[in-house]
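Subject: Structure handover

Hello,

Here is the structure you will be taking over. Please open it alongside this email, as the notes below go through it part by part.

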Amino acid sequence: MILAIDAGNTVMTAGLFSPEGTLYFRGSIKTDKNKTQDQLAIDLLDIFRLYQADIRGVTGVVLSSVVPPMTSALAGAARQLTGREPMIVGPGMKTGMNIIAEIQNQLGADIVASAVAALQRYPAPIIVIDMGTATTISYLSKNTFEGCVIIPGVRIAVEALSGRAAELPHIALEEPTSILGRSTIEAMRAGALYGNAGMIDSVIQRMEEAAKPAAAVVMTGSQAEMIRKYCKRSIVYDENLILDGLYALYKKNSGPHERRKKK
């Protein structure tokens, strides 16, 4: 069994895969970069208990993290629980993908994982949209990461608006009744959803003008389902794109090593 862990700035997600790539469960908890290794180990154990899975059956661990302060502690927690050395997504890892970017060594592990999964699953060119703490929109041609844009996420933008404008309240992200907001809260909700949907439509169009029309546009992330329905462009929602990419990266980078261990 392969344990895949994605530590994002807002949520940490863990998924357990069979050796053939079947996802048995997906569990998430709030990210807390101040937690110790033991606390993170307890969190992982709780996820396994919730889904009635046995962590002793884990034979490999792959980890992506965009939260440097917790990467080491999380890797230690996984090692402590499974007895396996976690594979950490980073520079030098085999991806099967050419990355055309000056920031190749700085490219987020989550972006790499979602790109690898998308290239395996969808026809190229592909535009991949990940809507989490930040919104990233990446353009992939055949086996090539051409580049991306990084935008403040929906929740960050709304919180910044409320925090910097004294008369604007903090709001829950809910669907507005109309784009014509008739109260402050409804206007803010309409701005968050329709504004982000319009931004995504525009970036897709501009990327296609700069390169080629996409054969597939894929969206993932915690805010994806809410925003996608307001986009004019047809977009596929893929909830497990990053976890599937982590599993694929594990298989690409551990085959011979794992075979040696079984002998």
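A salt bridge is counted where a side-chain nitrogen of Lys or Arg is within 4 Å of a carboxyl oxygen of Asp or Glu. Arg228 and Glu225 meet that rule, because their closest N and O atoms are 3.0 Å apart. Please keep in mind that this is a predicted model.

Salt bridges

How many salt bridges does the rule give? The count is 11.

Arg228 and Glu225 both belong to helix α6, which covers residues 224–228. They are three residues apart there, about one turn of the helix. Arg228 is partly exposed, at 27% relative accessibility. Glu225 is also partly exposed, with a relative accessible area of 36%.

The next pair is Arg189 and Glu186, whose salt bridge has an N to O distance of 3.6 Å. Both residues lie in helix α5 (residues 184–210), and because they are three residues apart, about one helical turn separates them. Are these two residues buried or exposed? Both Arg189 and Glu186 are buried.

The last pair is Arg121 and Asp238, with 2.7 Å from N to O. Arg121 is partly exposed, with a relative accessible area of 41%. Asp238, in contrast, is buried, with a relative accessible area of 7%.

Cysteines

There are zero disulfides by the rule used. For comparison, the cut-off for a disulfide is 2.5 Å between the sulfur atoms. Cys231 is likewise in no disulfide, and its nearest cysteine sulfur is that of Cys148. Cys148 is partly exposed, with a relative accessible area of 26%, whereas Cys231 is buried, at 10%.

Packing of two helices

Helix α4 (residues 154–164) packs against α5 at an angle of about 145°. The axes of the two helices are 11 Å apart, and the crossing is right-handed. Which residues make the contact between α4 and α5? On the α4 side they are Val154, Val158, Leu161 and Ser162, and on the α5 side Met188, Ala192 and Asn196. Five residues of this contact are nonpolar, two are polar and none is charged.

A residue in a strand

Thr135 is part of strand β8, which covers residues 134–141. Thr135 is buried, with a relative accessible area of 0%. Which residues does Thr135 touch, leaving aside its neighbours within four places in sequence? Its contacts are Ile129, Asp130, Val149, Ile150, Ile151, Pro152, Gly153 and Val154. One of these, Val154, also takes part in the contact of α4 with α5.

Regards

Technical notes:
Residues are numbered from 1 along each chain as its sequence is written. This is a predicted model: local features need pLDDT of at least 70, side-chain atom pairs count only at pLDDT 80 or more; totals for chains, interfaces and linings use all residues. Side-chain values use heavy atoms; hydrogens and water are left out. Buried means under 20% relative accessible area, exposed over 50%, partly exposed in between (1.4 Å probe, protein chains only). Helices (H or I, at least four residues) and strands (E, at least two) are DSSP runs, numbered from the N terminus. Axes are lines fitted to C-alpha atoms, for helices over the stretch in contact, and angles run from 0 to 180 degrees between N-to-C directions. A crossing is left-handed if the near helix is turned anticlockwise from the far one by less than a right angle, and right-handed if clockwise. Contact means heavy atoms within 4.5 Å. Ala, Val, Leu, Ile, Met, Phe, Trp, Tyr, Cys and Pro count as nonpolar, Asp, Glu, Lys and Arg as charged, and the others, Gly among them, as polar.
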